[in-house]
Structure formats: C-alpha cells, structure tokens
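This report covers helix packing, backbone geometry and a surface patch. The sequence and structure come before the details.

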Amino acid sequence: MRAVASMTISLLKLRIGVAIAASALAGVAAASGPHLAWWQIAGLTLAVLGASGAAGAFNHYYERDVDKLMRRTCNRPFASGALKPSPWWLAAFLALLVASLALAVATAGHVAAGYVFLGAFTYGIVYTVWLKRRSTWNIVVGGLAGSFAVLAGAAAVDPSPQVVPTVLAVVLFLWTPPHFWSLAAAKGDDYARANIPMLPVVAPAYAWTSAVLVHAVALAAISLVPVWYGAGMLYGICAAVGGSWFVWKSVVLHRDPSKKNAMGNFFASLLQLALLVAGALLSSAAGLLS
C-alpha cells in the first residue's frame with residue numbers, strides 16, 4: 001500500500017501539485033469579491049491538483065527516455081520500468097484532466113477553469129514537449145504554469161482582472177526560473193548527460209548566477225507591491241522576509257556558484273514561496289476576523 005501511494009505521489013507530481021494548489025488558494029485570498037463557500041474552495045483545490053497531476057504524469061510519460069539518464073529522475077515510474085508505456089496511460093491522463101476541468105467549471109466557473117487548463121497545457125505541452133529539450137527559455141516560459149493557478153483562484157472569486165492577484169501571478173512567473181535554475185545548477189551533471197539546455201548547463205557561471213540574482217531582486221521588489229493595495233501587514237512581513245532571504249542567498253550564489261550554494265538558493269526560493277502563500281492566506285483570514 002505504501003509503495004502504491006509513493007508511486008502515485010511521484011507519478012502525479014503531487015509535491016509540485018500541492019504548491020500549485022496553494023498558489024491558487026493565494027489567488028482566492030488576494031482577490032476582492034464575495035467569499036467562496038467551503039465546497040467551492042475544496043473543488044477548486046482538487047481541480048488544480050488533478051489538472052497539475054495530469055500534466056505531471058504526462059511529463060513522466062513523455063520524458064521517460066531522458067529521465068533514465070538522470071540520477072534525480074531515474075527512479076520515476078516510467079523511467080524505472082515500474083509502469084509500462086501504453087496509449088491507455090495517455091487516455092487516463094486526458095480523462096483526469098477533463099474531470100478536473102469539469103470540477104473547476106462546477107465549483108469555480110468557466111474563467112477559472114480556463115486558467116486551470118492553461119496551466120496544465122503550458123506545463124504539459126509548451127514546456128515538456130516544445131521547449132524543454134530545445135531552448136534555454138524552457139523554464140522561463142514554463143513558469144507561466146504556476147501563474148495561471150493564481151489567476152484561477154482569483155477568477156473563482158471575480159472573473160474580472162484585479163491588481164493584487166495579477167501582481168502575485170507575475171511574482172510566481174519571476175520566481176520559477178531562479179528556483180529551477182538553482183536546482184539545475186546543483187544537478188548540472190544530470191542535465192548535461194541528458195542534453196537538456198538548462199541555463200546553468202549551457203551558460204557561464206557569471207551569466208546564469210546574474211540571471212538568478214536579477215530575478216530574485218525583481219520578484220522581491222514586486223512581491224511588496226500588493227502592500228500598497230491593501231494586502232495587509234502580515235503579507236508585507238512575509239514578503240519582505242522571504243524576498244530578503246532569497247536575494248541574500250542569490251548574492252551568495254553569485255559570489256560562489258557552488259553546488260552547495262545552488263541547493264541553498266533552491267531551498268531559499270521554496271521558503272519565499274511558502275511565506276508569500278502564507279502571508280496572503282493570513283492577511284485574508286485577518287481581514288475576515290476584523
């Protein structure tokens with residue numbers, strides 16, 4: 001039973017899915033409008049998890065050949081041979097996506113469901129099929145997948161565009177490249193072996209660490225913009241702490257682009273994302289109680 005659960009978590013990339021679902025909840029918290037019922041929030045969360053899982057499972061299936069070449073991914077279900085390739089798997093992934101989109105429509109509306117679809121499509125097709133093996137822009141464009149989750153959450157409250165959720169979507173877009181570049185730098189041998197053109201593999205250290213630092217500074221600054229639009233002190237503190245720490249770790253990485261510092265920056269980016277989501281949720285909760 002534990003082995004099946006572990007394989008399911010891996011196949012559907014549920015760790016990433018949880019982060020994306022949390023981003024959708026941050027979008028809900030940041031949007032102004034009528035409060036959603038608990039069942040709407042639960043439905044949207046499951047819809048985002050399902051759509052993300054479908055895209056993640058397709059990523060495993062499509063990339064099973066290169067996953068075999070990387071120590072970080074060689075134990076994934078399709079790469080390891082635990083699951084055998086079959087068109088039925090693709091049908092199952094598509095069915096999961098369709099069911100997730102239907103749930104999103106039923107609980108959050110057509111606009112939110114559209115953003116959920118765009119997130120899955122961006123990760124599954126634009127990033128996985130089109131860009132990952134072809135361009136160093138792979139994760140830059142692929143970062144839109146998480147941004148669409150924030151917009152989906154906001155659209156569930158009010159389909160009309162709003163400033164704060166849009167800013168948070170931009171922040172997540174800027175967050176994804178330095179987060180993944182840091183991981184790629186720490187696991188550079190894997191990506192070189194698989195011939196995947198992640199920026200730290202194909203660019204000089206000064207160039208890619210500069211790109212990481214510029215992104216970190218930009219997103220730390222932009223993440224504070226919602227404070228001017230009423231996001232609240234709790235959000236502001238979380239954004240300031242998380243952004244400052246990520247910028248500092250990016251400076252350290254720029255000065256010494258070692259694998260140890262790259263992993264340190266990777267974890268700093270995770271902390272920043274966690275603090276941003278927590279800040280948005282806490283500020284929303286504080287507003288409800290006041």
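Helices here are DSSP runs of H or I with at least four residues, numbered from the N terminus. The model is a predicted one.

## Loop residues with positive phi

Most residues other than glycine have a negative phi. Asparagine 195 has a positive phi of about 60° although it is not a glycine. Its place is the loop between helix 11 (188-193) and helix 12 (199-202). Asparagine 195 has a relative accessible area of 65%; exposed means over 50%, so asparagine 195 is exposed.

Lysine 13, likewise not a glycine, has a positive phi of about 50°. This lysine lies in the loop that runs between helix 1 (2-11) and helix 2. The relative accessibility of lysine 13 is 10%. Buried means under 20%, so lysine 13 counts as buried.

## Packing of helix 2 and helix 9

Helix 2 spans residues 14-30 and packs against helix 9, residues 144-157. The angle between them is about 40°, and their axes are 7 Å apart. At that angle helix 2 is oblique to helix 9. The crossing of the two, helix 2 and helix 9, is right-handed.

## Nonpolar surface patch

On the surface, Phe117, Leu118, Phe121 and Ile125 form a nonpolar patch. Together they have about 310 Å² of accessible area.

Leucine 118, one of the patch residues, lies in helix 7, which covers residues 110-131. With a relative accessible area of 32%, leucine 118 is partly exposed.

How values were computed
Residues are numbered from 1 along each chain as its sequence is written. This is a predicted model: local features need pLDDT of at least 70, side-chain atom pairs count only at pLDDT 80 or more; totals for chains, interfaces and linings use all residues. Side-chain values use heavy atoms; hydrogens and water are left out. Patches are made of residues with over 30% relative accessible area and no salt bridge: like charges are joined within 9 Å, nonpolar side chains (Val, Leu, Ile, Met, Phe, Trp, Tyr) within 5 Å. Accessible areas come from the Shrake-Rupley method with a 1.4 Å probe; for residues, only the protein chains shown count as cover. A salt bridge is a side-chain nitrogen of Lys or Arg within 4 Å of a carboxyl oxygen of Asp or Glu. Buried means under 20% relative accessible area, exposed over 50%, partly exposed in between (1.4 Å probe, protein chains only). Axes are lines fitted to C-alpha atoms, for helices over the stretch in contact, and angles run from 0 to 180 degrees between N-to-C directions. Angles under 35 degrees count as roughly parallel, over 145 as roughly antiparallel, 65 to 115 as roughly perpendicular and the rest as oblique. A crossing is left-handed if the near helix is turned anticlockwise from the far one by less than a right angle, and right-handed if clockwise.
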